[in-house]
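Open the model in your viewer and keep the selection tool at hand. The tour goes stop by stop.

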Amino acid sequence: MSINFNHSEAAIRENRLGSVTGYQGTIKGLVAQVSACTLKNKERCFSQASACSSGCAQSYLSRIVDAVMVVHAPVGCAADSVYSNTQNKWGEKVRSWKHRNISVVNTNMVEEDTVFGAVNKLRETIREAYRRFHPNAIFVTTSCVSGIIGEDIQSVLDELQEELPIPLAPVFCEGFKSKIWASGFDAAFHAILTKIVKPPEQKTNKINMINFSGSARNQIVETLARFDLEPVFVAPYSTIDQLSRMSEAAATISICGTLGSYIGNGLEQKFGVPYVKTLQPHGIAGMDSWLRGLGAAVGKERAVEEYITEQKALIADELAEIKAKLTGYRAVVGMGPSFGHNYIRTLQELGIEVVWGATWHFDPQYDNGEAPASIENLAQAERDIPMSVGDQQNYELLNLLNRLKPDLYVARHGGSTVWATKLGIPSVMVVDEYSAFGYQGLIDFGHRLNDAVTNRSLARNLAKRIKLPYTDWWMQQNTFAFLAEEVV
Ligand code: SF4
């Protein structure tokens, strides 16, 4: 399998990777189906709101510091810009930067545009965006409306490319095309790979560090310096110039397999930059695997082994203490697939029993044709774990949590932790992708979980005072009552 750079559009994950949003069973059962090539998606005959790939692409690209994003859509499709701006503030604070708003412009498609088209609006909006912001690149994201009426965005950009002296990159991420919002990451990275990254002029000691907000940047800079390497944090908070030189890096690593697989494999395929395809660096096994993968990619195996031995010795006593406190607690995990699989393992390292893993989709393979290391790792463990796949359908999650009554719900999306808390279950939201990062990060995360399970009054009091929108009837039904049988 390879990425098609001659096409302006990245195929969605369902078509490209065989990814699914409907499954119920166990981790070993899921991997057995993948091995036997029998995994098929299961649709739901009832569905609540979820997220969309356009929002995902917008949120990710809007934090490139010297680019502008033009959202060719009705204004509501850009509503997530408020959230993106909040995230942007957080990343700026981490870097001690002065705050500036993200640069997002919306073409405000209205009803008559669906009849007559809106390419003139798009053309003028791009010109205006260039006049106002003088960016070093403009990304144009699509939407359900521009996609359904068949707007010829590529022709508009080709025409304007002769007029404007910066890359104009289309990002085909119409929300209706994919149930997997991570398809938006791929669309964003496809635009970067095809329009921004230039062929290498020289090889450097830089490491493309694919992530979101980069809160652990100081720690990563310090760690990589031990191996004479220098991280470049991609793509939020980077510049177009930095992105254009990703081809010169010694390797690419990622904080998240779901996020990084397209750009990592793409850079490897197109420019020969090695992509480290290991576990995520969460917890001990994850950090061991991640550092060893990096060491192998850049020929620093011995220095990496010395670092691992040193760091593990530093945390050994405190890890035993925190593990003794957490052993015996039961948790449910709800996250995107790569984070979900890696956090199941991380919680187990802290002595917590994971009684269910819910992931928002599942990729049976990445763009190099191999299964994610994180699911292979879980499938090889002695204990099998019940799991489900769904595009964050809260009605299923609430039914499940009500049935399992775990001590803790650990998730990466606020849209589900708030409901678990209202149900009376202490919840931890892993909004910072560097929570539980590496050895000391595991200890810090362990203390955070211990605080959550020993301070239950918020969840208890909320549950007493709040009426959930789900009826007793639903709470007594089979959690997966609306998950239909197999469809192709
Ligand atoms: S699903 Fe479509 S209409 Fe809804 S926000 Fe996403 S792009 Fe816009």
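What follows is a walk from the domains to a sheet and then to a single residue.

**Before you start.** This is a predicted model: local features need pLDDT of at least 70, side-chain atom pairs count only at pLDDT 80 or more, and totals for chains, interfaces and linings use all residues. Residues are numbered from 1 along each chain as its sequence is written, and side-chain values use heavy atoms, with hydrogens and water left out.

**Stop 1: the domains.** Colour 51-178 as domain 1, 206-302 as domain 2 and 312-486 as domain 3. These bounds come from an automatic or database domain assignment. Now show domain 2 and domain 3; their centres, taken over C-alpha atoms, are 26 Å apart. In contact here are 31 residues of domain 2 and 29 residues of domain 3. Contact means heavy atoms within 4.5 Å. About 2400 Å² is buried between domain 2 and domain 3, and carbon and sulfur atoms give 59% of that area. Select Leu279, His282 and Ile284: they supply 26% of the area that domain 2 buries against domain 3, more than any other three residues. Buried area is the accessible area (1.4 Å probe) that two parts lose on being put together, summed over both.

**Stop 2: the sheet.** Find the open sheet of four strands, in the order E4-E3-E5-E6, with parallel pairing. Strands E4 (104-106) and E6 (168-171) are at the edges with a single partner strand each, so one side of each has no neighbour in the sheet. On average, neighbouring strands are turned by 20° against each other, direction ignored. Strands (E, at least two residues) and helices (H or I, at least four) are DSSP runs, numbered from the N terminus.

Zoom in on E3 (residues 67-71), which pairs with E4 over three bridges. Pairing needs at least two DSSP bridges. Methionine 69 stands opposite valine 104 in E4.

**Stop 3: two helices.** Select H8 (residues 153-161). It lies across E5 (137-141) and E6, at about 170° to E6. Next, select H9 (residues 183-196), which packs on the sheet, touches E5 and E6, and makes about 150° with E6 in direction. Angles run from 0 to 180 degrees between N-to-C directions of axes fitted to C-alpha atoms, for helices over the stretch in contact.

**Stop 4: serine 388.** Go to strand E12 (residues 386-389), where serine 388 is found. Is serine 388 buried or exposed? It is buried, with a relative accessible area of 5%. Buried means under 20% (1.4 Å probe, protein chains only). Leaving out residues up to four places away in sequence, serine 388 touches residues including Tyr23, Gln24 and Phe480.

Note on methods. Buried means under 20% relative accessible area, exposed over 50%, partly exposed in between (1.4 Å probe, protein chains only).
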